[in-house]
Amino acid sequence: MKNIVYLSTAVKLMHENQLFDILHNSRQHNAAVGISGVLLYADGNFIQVIEGKDSVIDALYARIQADQRHTNIIKLIDEPIAEKNFSEWLMGFAVTDITKAEKLLGYLRSVADLDLNKRNSSVVAAIKNFIENNRLNVE
């Protein structure tokens, strides 16, 4: 089992409905192939953690690299893991209609959902830095 953490820039700013679609489609695919992780979006930038079986993660990352909606993809971490850091697919972003977001399974409601203070890993540190540097409103 392994995880990959990467940064990327969206080709264009995404509307929250597009983000909801990404979350919904990703959760369906990831559940089917045993992937978990975190996807955060702020001002046109993504940071994503994907974790699962090596071959599945490598195939997904290759697909992400080929996706025309992403540019400037930078792999931050690619490492083996003994256990997953994130058991659910979570997505955090500022929304204008919080009631829509609250209905989504896996929507990040607060930083506490990530249990950032209890996990000591480079993956969790990367996510925390992205949240803080982009001043994401996930409280």
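This is a short tour of the structure, stop by stop.

**Before you start**

You are looking at a predicted model, in which local features need pLDDT of at least 70, side-chain atom pairs count only at pLDDT 80 or more, and totals for chains, interfaces and linings use all residues. Residues are numbered from 1 along each chain as its sequence is written, and side-chain values use heavy atoms, with hydrogens and water left out.

**The whole chain**

Followed along the sequence, the pattern reads β-α-β-β-α-β-β-α-α.

Of the 139 residues, 45% count as buried. Buried means under 20% relative accessible area, exposed over 50%, and partly exposed in between (1.4 Å probe, protein chains only).

**Stop 1: M1**

Select M1, which sits in the segment before β1. M1 is partly exposed, with a relative accessible area of 41%. Leaving aside neighbours within four places in sequence, its contacts include G52, K53, P80 and I81; contact means heavy atoms within 4.5 Å. Select E79 too: from C-alpha to C-alpha it is 8.8 Å from M1, although the two are 78 residues apart in sequence.

**Stop 2: strand β1**

Move on to residues 2–10, strand β1. Seven of its nine residues are buried, so β1 is largely enclosed by the rest of the structure. Which strands pair with β1? One is β3 (residues 45–52), antiparallel to β1 over eight bridges; look for S8 and its bridge partner F46. Another is β4 (residues 70–80), also antiparallel and joined to β1 by eight bridges, with Y6 standing opposite K75. Two strands count as paired if DSSP finds at least two bridges between them.

**Stop 3: helix α1**

Select residues 16–33. Helix α1 has 18 residues and reaches 26 Å from its first C-alpha to its last, close to the 26 Å expected at 1.5 Å a residue. That expected span is 1.5 Å times one less than the number of residues. Colour E16, L19, F20, I22, L23, S26 and N30, the buried residues of α1. They cover an arc of only 155 degrees around the axis, which puts them on the same side of α1; the arc is that of the directions from the helix axis to the C-beta atoms. Just after α1, G34 takes a positive phi of about 80 degrees.

**Stop 4**

Select residues 36–42 and show side chains. In a regular strand the side chains alternate between the two faces of the sheet. In β2, S36, V38, L40 and A42 point one way and G37, L39 and Y41 the other, and all are buried. Seven bridges join β2 to antiparallel β3, with A42 opposite N45. The two strands form a hairpin with two residues between them, and D43 in the turn has a positive phi of about 50 degrees.

**Stop 5: helix α4**

Finish with residues 122–133, the twelve residues of α4. Its buried residues are V123, V124, A126, I127, F130 and I131. They cover an arc of only 160 degrees around the axis, which puts them on the same side of α4. Where do the buried residues of α4 pack? Look for β1, β2, β3 and β4 beside them.

Note on methods: Helices (H or I, at least four residues) and strands (E, at least two) are DSSP runs, numbered from the N terminus.
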